[in-house]
Amino acid sequence: MNRVFSGIQPTGDLHLGNYLGALRNWVRMQHEYSCLYCVVDLHAITMWQEPDALRHNTLEVTAGLIASGLDPKSNIIFNQSRVPAHAELAWIFNCVARLGWLNRMTQFKDKAGKNRENASVGLYAYPNLMAADILAYKATHVPVGEDQKQHLELARDIAQKFNNDYGVNYFPLPEPVIQGPATRVMSLRDGTKKMSKSDPSEASRINMTDSADDIAQKIRRAKTDPDALPDSANDLETRPEAANLIGIYAALSDMNSDEVCKKFAGAQFSAFKEALTERAVSVLAPIGAEMARLLENQDYLDQVLIEGAARAGAIAEPILHETFRIVGLRRG
Ligand code: AQP
């Protein structure tokens with residue numbers, strides 16, 4: 001059976017990149033596959049999180065998933081730390097993955113920055129936990145943004161090595177599902193950097209909970225260049241900020257960037273930004289309002305996570321049991 005697993009970190013405000021690169025695609029997959037969507041709080045603490053903020057963000061992300069259109073009955077929505085199988089399998093995978101593999105991970109290099117010696121061991125081993133997230137459910141398909149593709153390849157390597165080391169054909173090799181035109185939404189302040197929750201500049205991203213006024217202001221101030229919109233997307237190669245805004249408009253309108261260029265060819269960015277604001281507000285405002293409504297009932301959100309964790313645990317438990325047996329460990 002095809003099974004989808006994907007995760008999102010409760011590390012701050014959900015933004016347009018999360019929506020276009022992940023959530024929207026998850027909603028589209030929910031009736032095609034059996035899906036698990038996980039708020040990956042164990043991943044979040046690979047960088048220090050203020051505990052109350054982590055608790056709040058976990059509920060806010062849950063509200064974001066439901067407000068985007070994910071049905072908590074037909075999908076399993078849960079938080080990672082409630083299902084111990086993730087951490088248990090991650091330890092086994094720490095012993096399967098090779099240092100050389102992790103050394104190649106570009107996200108670690110980006111996130112650890114210059115002060116690599118001071119990064120947490122958890123940040124380094126993050127891809128092993130991600131492999132455990134997926135394989136604890138023998139998930140076959142993983143919707144990911146471009147940025148997560150390398151980690152998914154590592155999860156496949158781990159599954160393959162585990163199977164080889166123990167002479168079994170136990171874990172499937174999960175397939176990436178990279179969908180849609182906006183697989184990488186870039187910062188509004190720098191078209192070469194991805195839009196990110198942890199960017200200290202609020203102006204760099206459009207949050208899913210931003211008001212219409214905030215969205216308008218951020219788009220108005222978004223960096224562009226002095227030229228008008230070209231009539232072909234081929235002319236955007238050396239214009240990262242222009243390419244980003246056009247790509248966002250395209251994703252919000254189910255068009256491609258070339259079609260957007262044709263529609264607005266010759267227009268100034270000031271006019272284009274007004275059209276983009278209208279699109280962004282029409283998509284995000286109802287979701288933001290629904291998130292605010294859901295967040296007023298935190299007990300309900302917590303209940304969704306508790307029930308989801310029970311359903312997720314029931315799938316993972318026999319898989320972990322058999323994994324331990326294969327390895328020669330005793331469990332339960
Ligand atoms: N800018 C983006 N464009 C397209 N997709 C994106 N995703 C994140 N940023 C963009 C996708 O959203 C999903 C959840 O990501 P995550 O929160 O688990 O981690 P991340 O990729 O590290 O996201 P952030 O916002 O950059 O978080 P921080 O700042 O905490 O690291 C993933 O499918 C991701 O591809």
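This is a predicted model: local features need pLDDT of at least 70, side-chain atom pairs count only at pLDDT 80 or more; totals for chains, interfaces and linings use all residues.
Let us begin with the ligand. Where does the ligand sit? The ligand is found in the largest pocket, where 21 residues surround it. Lys111, Val185, Ser196, Lys197 and Ser198 are the closest of these residues. The side chain of Lys111 has an N or O atom that is 2.5 Å from an oxygen atom of the ligand. In the side chain of Ser198, an N or O atom is 2.4 Å from an oxygen atom of the ligand. Val185 takes part through its backbone: one of its backbone N or O atoms lies 2.7 Å from a nitrogen atom of the ligand. How much of the ligand is covered by the protein? On its own the ligand exposes 640 Å², and the protein buries 97% of that area.

Now look at the elements around the ligand. Strand 1 (3–8) and helix 1 (16–29) are the elements that give two or more residues to the shell around the ligand. Helix 1 contributes the most to this shell, with four residues.

Val185 leads us onward to Asn244. Asn244 belongs to helix 10, which covers residues 240–252. Leaving out neighbours within four places in sequence, Asn244 is in contact with Val185, Met186, Ser187 and Leu188. Is Asn244 buried or exposed? With a relative accessible area of 7%, Asn244 is buried, because a residue counts as buried when this value is under 20%.

Next, follow the chain to the loop between helix 3 (51–67) and strand 3 (76–79), where you will find Ser68. Ser68 is buried too, because its relative accessible area is 11%. Which residues does Ser68 touch, not counting those up to four places away in sequence? They are Tyr19, Leu23, Val27, Met208 and Ile287.

A polar atom of the Asn75 side chain lies 2.9 Å from the backbone oxygen of Asp71. If we set aside neighbours within four places in sequence, Asn75 is in contact with Gln30, Cys35, Tyr37, Leu70 and Arg311.

Let us now turn to some residues in other surroundings. Glu296 lies in the loop between helix 12 (269–295) and helix 13 (298–327). Glu296 is exposed, because its relative accessible area is 70% and the cut-off for exposed is over 50%. Ala314 lies in helix 13, and Ala314 also counts as exposed because its relative accessibility is 53%.

How far apart are Ala314 and Val83 in sequence and in space? These two are 231 residues apart in sequence and 9.6 Å apart in space, C-alpha to C-alpha.

Our last stop is the backbone angle called phi. Lys138 has a positive phi of about 45°, although Lys138 is not a glycine. Lys138 lies in the loop between helix 7 (121–135) and strand 4 (141–143). What does a relative accessibility of 25% make Lys138? Lys138 counts as partly exposed, because 25% falls between the cut-offs of 20% and 50%. Asp254 also has a positive phi, of about 55°, and is not a glycine. You can find Asp254 in the loop between helix 10 and helix 11 (257–264). At 58% relative accessibility, Asp254 counts as exposed.

Conventions:
Residues are numbered from 1 along each chain as its sequence is written. Side-chain values use heavy atoms; hydrogens and water are left out. Buried means under 20% relative accessible area, exposed over 50%, partly exposed in between (1.4 Å probe, protein chains only). Contact means heavy atoms within 4.5 Å. A residue is near a molecule or strand if one of its heavy atoms lies within 4 Å of it. A polar contact is a pair of N or O atoms within 3.5 Å; within protein, one must be able to donate a hydrogen and the other to accept it, and residues adjacent in sequence count only if both atoms are side-chain atoms. Accessible areas come from the Shrake-Rupley method with a 1.4 Å probe; for residues, only the protein chains shown count as cover. On a 1 Å grid over the protein atoms alone, a cavity is a set of points where a 1.4 Å probe fits but cannot get out, and a pocket is an open set with protein on both sides within 12 Å along at least five of seven lines; lining residues have an atom within 4 Å of a point. A molecule sits in a cavity or pocket if more than half of its atoms lie within 2 Å of its grid points.
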